[in-house]
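Me: I would like to go through this model with you, starting with the sheets. Could you take my questions one at a time?

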Amino acid sequence: MFQQELDRIVRKESSPFSLKTIGYSVLKKPIYLLQAGSGSIKVFMWSQMHGNESTTTRALLDLIDQDGFKPLLDKIELYIIPILNPDGAENWTRENANKVDLNRNAVLKDQPETMVFFEQLELIKPDMCFNLHGQRTIFGTEDGSKPCQLSFLAPASNHEKSFNPARLKAVKVINSIYSQLQPDLNTAICRYSDDFNENCFGDYLTSRNIPTVLFEAGHAGLDYHRDEISSIIKKAILTALQSLYEKENTSDNQLVESYLSIPQISKTFCDIILRYEQDDKTVFTSLMYKEVLEEGQLILSPRVNDINPETVRNAHRIMDVDGQLPEDLKIDENNIVKSEVLGIKNLIII
């Protein structure tokens with residue numbers, strides 16, 4: 001499906017994009033680079049270095065397929081690796097086929113996918129990088145009042161978390177996204193943790209004065225197909241690209257202050273809260289969907305996470321059960337939960 005969509009976009013008569021194979025994965029699957037634009041600002045972005053984070057890939061392909069995107073290419077020179085980890089994408093795993101998290105391989109650079117990336121980085125010499133990811137459904141604001149549909153990070157350049165020129169450029173981009181998108185959302189845009197880890201791509205690049213913005217596609221409500229968030233991510237990427245050539249008269253201190261005012265992300269959500277009375281006390285069971293790939297289908301399987309967990313403040317679906325729990329509520333030896341009465345069942349995503 002991805003290959004067909006990629007070929008269709010590139011072969012369109014009006015397409016400004018060229019496509020080439022720049023290397024191969026552990027299992028010899030091709031890694032592609034899309035290139036377009038003649039502007040003065042070089043932008044390098046990549047998606048699905050974690051194979052099970054496909055929302056940003058969908059958003060990217062949808063964005064560049066629009067005719068209205070073309071005028072932007074007069075101002076930027078754009079390079080895209082739509083899937084950096086094709087083995088992980090096929091098997092719906094975070095890691096590559098060697099069971100290595102590519103986003104912890106920036107220093108060692110001993111994986112074929114990582115080597116391909118850094119070869120391109122050296123050739124492109126980008127002015128700005130976008131590192132596109134997807135996050136789990138557990139994230140919301142610290143008080144649990146809102147889920148996070150988007151999270152961003154201007155990665156730190158050192159353990160002191162200082163703001164070098166590269167990090168400040170990333171901060172400017174994130175501030176633009178936040179100011180333009182947050183007012184129209186009923187959910188939250190959050191700021192990701194900036195603990196420094198040189199093994200992570202963003203931290204590694206920022207420490208070497210290459211501006212990098214981490215995008216995290218989040219979740220809210222029952223949008224488990226991630227259709228709504230794909231649309232929002234598309235807007236975020238477009239806003240980010242436009243901000244690169246907009247003049248900024250804000251001081252460095254004001255940029256940092258605005259950035260740090262973005263709510264900090266926190267693990268305050270679960271997928272389902274089942275709330276009921278037991279022994280004259282209110283009890284709530286936290287349920288989380290586990291991703292399972294079966295015969296090419298991605299299935300979300302609801303499982304018991306915890307009883308009255310201290311960290312959970314909210315859920316994407318809260319169910320108050322009056323009286324006794326329904327008789328058809330079953331929990332098997334793997335903690336998988338099913339109940340037709342409550343509508344708790346497997347979700348088929350693709």
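This is a predicted model: local features need pLDDT of at least 70, side-chain atom pairs count only at pLDDT 80 or more; totals for chains, interfaces and linings use all residues.

Me: What is the strand order in the open sheet of 8 strands?
Reply: The order is β1-β2-β4-β3-β5-β9-β7-β8, and the pairing is mixed. The edge strands are β1 (18-24) and β8 (188-191), each of which pairs on one side only. From one strand to the next, the twist averages 20 degrees.

Me: Is α2 mostly covered or mostly uncovered?
Reply: Helix α2 is mostly covered, with 8 of its 10 residues buried. The buried residues are Thr55, Thr56, Thr57, Ala59, Leu60, Leu61, Leu63 and Ile64.

Me: What about the open sheet of 5 strands?
Reply: Its order is β14-β11-β12-β13-β17, with mixed pairing. Strands β14 (314-320) and β17 (347-348) stand at the edges; each has a single partner strand, so one side of each is left without a neighbour in the sheet.

Me: How many bridges are there between β12 and β13?
Reply: There are 10 bridges, and the two strands pair in the antiparallel sense. Strand β12 covers residues 281-294, and strand β13 covers residues 297-307. As for individual positions, valine 292 stands opposite isoleucine 299 in β13, and lysine 290 stands opposite serine 301 in β13.

Me: Which residue takes a positive phi in the hairpin of β12 and β13?
Reply: Glutamate 295 does, with a phi near 50 degrees. The hairpin has 2 residues between the strands.

Me: And how does β13 join β17?
Reply: They run antiparallel and are joined by 2 bridges. Isoleucine 299, which stands opposite valine 292, has isoleucine 348 in β17 as a bridge partner.

Me: Why does arginine 317 count as partly exposed?
Reply: Its relative accessibility is 25%. Buried means under 20% and exposed means over 50%, so a residue in between is partly exposed.

Me: What does arginine 317 touch?
Reply: Not counting residues up to four places away in sequence, arginine 317 touches Leu222, Asp271, Ile272, Ile273, Leu342, Gly343 and Ile344.

Me: How far apart are arginine 317 and serine 231?
Reply: They are 86 residues apart in sequence and 22 Å apart in space, C-alpha to C-alpha.

Me: A change of topic: how many cavities of 30 Å³ or more does the whole structure have?
Reply: A search of the whole structure finds 1 cavity of that volume. The largest cavity has a volume of about 50 Å³.

Me: Which residues line the largest cavity?
Reply: The lining consists of Ile9, Lys12, Ser14, Ser15, Pro16, Ile64, Asp65, Gln66, Asp67 and Lys70. These divide into 3 nonpolar, 3 polar and 4 charged residues. Ile64, one of the lining residues, is also among the buried residues of α2.

Notes. Residues are numbered from 1 along each chain as its sequence is written. Side-chain values use heavy atoms; hydrogens and water are left out. Two strands pair if DSSP finds at least two bridges between them. Helices (H or I, at least four residues) and strands (E, at least two) are DSSP runs, numbered from the N terminus. On a 1 Å grid over the protein atoms alone, a cavity is a set of points where a 1.4 Å probe fits but cannot get out, and a pocket is an open set with protein on both sides within 12 Å along at least five of seven lines; lining residues have an atom within 4 Å of a point. Grid points are joined across faces, edges and corners, and a volume is the space filled by probe spheres set on the points. Ala, Val, Leu, Ile, Met, Phe, Trp, Tyr, Cys and Pro count as nonpolar, Asp, Glu, Lys and Arg as charged, and the others, Gly among them, as polar. Axes are lines fitted to C-alpha atoms, for helices over the stretch in contact, and angles run from 0 to 180 degrees between N-to-C directions. Buried means under 20% relative accessible area, exposed over 50%, partly exposed in between (1.4 Å probe, protein chains only). Contact means heavy atoms within 4.5 Å.
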